[in-house]
Amino acid sequence: EVLAYVEPDGSVFTLTGISDARHGKLPNISSGNGSSFEGENSEDSYDWAVFNDVEDMDRELGRVTYIDVEGNEREYWLDSIYEEALTTRESYCMSMISAAYALKEVTGGMGVSMQQMPPMQPSPIGQPVQQE
């Protein structure tokens with residue numbers, strides 16, 4: 001699952017499963033500093049727009065219009081946030097797979113487990129030396 005906080009309007013975008021997405025915002029936002037919310041901080045208090053199986057949809061996810069702190073009307077497209085969430089998830093998963101393969105290579109190539117190695121003792125200059 002990828003969870004993205006959309007800072008300009010304080011909303012949340014989630015990507016779950018293969019391509020299920022949701023975009024939500026708490027219905028009551030305090031205008032003090034733009035970061036505090038009124039009401040409960042639970043999933044049920046969000047107003048969610050749900051998009052099941054985005055990859056099979058034949059339409060855009062939509063555009064969100066909001067008023068920034070200076071009172072200007074701004075907008076962003078949920079499609080671009082969806083694409084960024086997909087890219088982030090793919091990058092994270094590839095990094096985890098690469099790390100797992102590297103760890104497998106390192107541990108498999110040694111031929112000796114860490115428990116079987118003799119204990120290490122620091123040398124006078126701080127370099128480890130194997131105990132005999």
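**Figure 1. Contacts of Tyr82 in the predicted model.** Leaving aside neighbours within four places in sequence, Tyr82 is in contact (heavy atoms within 4.5 Å) with Phe13, Leu15, Ser19, Ala21, Val54, Glu55 and Leu61. This is a predicted model, in which local features need pLDDT of at least 70 and side-chain atom pairs count only at pLDDT 80 or more, while totals for chains, interfaces and linings use all residues. Residues are numbered from 1 along each chain as its sequence is written, and side-chain values use heavy atoms, with hydrogens and water left out.

**Figure 2. The largest nonpolar core.** A nonpolar core is a set of buried Ala, Val, Leu, Ile, Met, Phe, Trp, Tyr and Cys residues joined through side-chain atoms within 4.5 Å; buried means under 20% relative accessible area, exposed over 50%, and partly exposed in between (1.4 Å probe, protein chains only). The largest such core has 17 residues, and those touching the most other members are Phe13, Phe51, Val54, Leu61, Tyr76, Leu78 and Tyr82. At least two residues of this core come from each of strand 1 (2–6), strand 2 (11–16), strand 5 (63–67) and helix 1 (78–110). Helix 1 provides the largest share, five residues. Helices (H or I, at least four residues) and strands (E, at least two) are DSSP runs, numbered from the N terminus.

**Figure 3. The surroundings of Asp53.** Asp53 lies in the loop between strand 4 (47–51) and strand 5. This residue counts as partly exposed because its relative accessibility is 32%. Not counting residues up to four places away in sequence, Asp53 touches Ser19 and Asp20. Asp53 and Ile18 are 35 residues apart in sequence, yet 7.4 Å apart in space, C-alpha to C-alpha.
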